[in-house]
Protein chains: 2
Amino acid sequence: MNPENSKCSCEQCKLKSLFFSHVTVNELTDICEIKEERSYSKGELIIKEGEKINDFLYMKEGLVKLSKTSFDGKDQIISFSKPFDFVSLLSIFSSENFRYSVTAVEDSVVCILDLEIVKNYARENALFTMDLMIRVSEVTDKIILDNLEIKRKHLKGRVAHVLLYFSEYIYNSDEFDLPVSRREIAEYIGMTTENVIRTLSEFRKDKIIKIFGKDILIVNKKRLEGISEFG
Amino acid sequence: MNPENSKCSCEQCKLKSLFFSHVTVNELTDICEIKEERSYSKGELIIKEGEKINDFLYMKEGLVKLSKTSFDGKDQIISFSKPFDFVSLLSIFSSENFRYSVTAVEDSVVCILDLEIVKNYARENALFTMDLMIRVSEVTDKIILDNLEIKRKHLKGRVAHVLLYFSEYIYNSDEFDLPVSRREIAEYIGMTTENVIRTLSEFRKDKIIKIFGKDILIVNKKRLEGISEFG
DNA sequence: ATTACCCTGTGACAATTATCATACTTTTAA
DNA sequence: TTAAAAGTATGATAATTGTCACAGGGTAAT
């Protein structure tokens with residue numbers, strides 16, 4: 001490793017194995033040299049819907065949302081992604097342009113590679129491509145299943161679902177800081193902001209959760225799970 | 001081509017180019033020899049949710065639905081697929097078992113290959129794998145976008161959306177036989193059967209469509225498009 | 001420091017959608 | 001062929017969700 005890419009630490013990157021497990025050390029060094037790492041603060045736009053796709057992105061740290069704006073200016077949130085849920089993989093092989101926007105909802109770090117270079121690897125290295133496909137498949141499957149799950153629930157069940165999603169899937173804790181506003185929750189579950197707020201208040205009144213602004217504490221998890229499943 | 005696989009006509013198959021464009025003639029013959037073609041009547045189950053995935057399937061003819069049954073026995077329809085929208089691709093690389101059921105909603109013909117053999121090709125032939133990935137990406141992107149579209153609409157807009165979907169995307173005609181029941185439309189758009197029926201009746205009363213049982217004629221397409229977009 | 005804006009919160013009311021009941025027709029199974 | 005089951009259809013009513021109005025708190029920009 002020469003001095004000019006001393007910041008290049010792909011070999012130590014915990015994400016390496018995820019989809020570079022079939023890339024040789026030499027190739028990895030090549031990739032490393034061309035890779036760019038960018039940091040985004042909470043709220044910053046990472047990818048804008050409609051932009052031409054030139055880069056291959058993957059997340060190293062943080063949390064982002066995928067969203068789409070409809071003609072009347074209303075946003076819909078498709079999913080949240082943390083590292084390992086590679087967000088940029090959705091459209092890059094089936095479209096010239098990004099179909100969704102990606103925004104940091106927590107401070108995030110993203111690694112960026114030139115898409116053409118990645119595609120060239122993909123065209124030559126079948127195992128690498130296979131790895132990539134498995135990732136694509138996992139991510140999209142998760143999105144489709146999660147959306148189905150939300151779709152079959154009512155307001156309360158949806159809000160409960162989101163709380164459990166953040167608690168269990170994102171933060172692994174009964175107490176966590178909501179990384180999103182009530183409006184964003186509404187955009188995710190397809191309900192109005194007022195109803196999300198009302199439902200959270202109701203959960204608070206029923207002593208299922210405690211609310212301190214953005215900070216949420218799940219007091220009665222069993223109950224919340226019941227509401228998510230049946231309510 | 002020897003007599004024992006005279007039924008083998010992959011080389012003439014119009015679907016060949018779709019994802020076998022990077023398979024050699026010899027490989028194609030091999031694939032052809034192991035392939036099995038199965039026919040399903042309208043209503044027949046092709047894949048049952050939860051089954052182990054042993055086969056790689058793709059559609060030659062017909063129309064199928066992807067669906068999932070929730071714990072309380074209610075079905076949700078994820079999407080409809082015609083040939084070129086390869087249905088089996090969704091879970092096969094990310095799961096051991098099928099996550100969705102697939103049912104013929106019109107008489108359908110499916111080609112079946114042993115998944116392990118396809119995976120072996122995929123591990124050796126990067127261009128083939130790349131083709132496959134592009135398909136996976138296209139299909140899932142379509143599903144996600146369509147579900148988002150439906151999600152942001154109300155009852156009438158959703159029903160209008162479905163009618164236009166069948167008219168434009170599936171049948172390319174203003175008149176067509178609905179391949180599904182009112183209940184299935186309801187399961188697709190996430191509303192009740194009664195409300196789907198009521199909405200269709202309303203469209204009929206407003207002279208937007210004509211209904212003769214399953215046969216639908218779109219009389220006022222502009223109006224229907226307006227309802228789909230804004231209603 | 002002040003304004004403007006967004007977020008949170010609540011209530012009253014309106015609109016939308018679901019549920020239940022019932023009837024008739026068509027399809028399926030015995 | 002006949003009975004049972006499923007699909008289509010419509011109305012009345014209940015439940016759910018959305019809209020509008022208003023208010024306080026925080027935050028960013030000037």
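**Entry 1: DNA strand D**

I began with the atoms of DNA strand D that lie within 4 Å of the protein, and found that 62% of them belong to sugar or phosphate, while the rest belong to bases. I note at the outset that this is a predicted model, and I return to its confidence in the last entry.

I then looked up the 17 residues around DNA strand D, of which A:Leu155, A:Asn195, B:Arg182, B:Arg198 and B:Ser201 come nearest.

Turning to the bases, I found an N or O atom in the side chain of A:Glu194 at 3.2 Å from a base nitrogen of DNA strand D.

I next asked which elements give two or more residues to the surface near DNA strand D. They are α6 (182-189) and α7 (193-205) of chain B, together with α7 (193-205) of chain A. The most comes from α7(B), which gives 5 residues.

**Entry 2: confidence in chain A**

Last, I checked chain A, whose mean pLDDT is 88, with 90% of its residues at 70 or more. Over residues 1-6 of chain A, however, pLDDT stays under 50, and the model has 3 contacts beyond four places in sequence for that stretch. Where pLDDT is low, the predicted coordinates should not be read in detail.

Conventions: Residues numbered from 1 in each chain as written. Chains lettered and ligands numbered in written order. Predicted model: local features only at pLDDT ≥ 70, side-chain atom pairs only at ≥ 80, totals over all residues. Heavy atoms only, no water. pLDDT = per-residue confidence, 0-100. Contact = heavy atoms within 4.5 Å. Near = heavy atom within 4 Å. Polar contact = N/O pair within 3.5 Å; in protein donor to acceptor, adjacent residues only side chain to side chain. Helix = DSSP H or I, 4+ residues; strand = E, 2+ residues; numbered from the N terminus.
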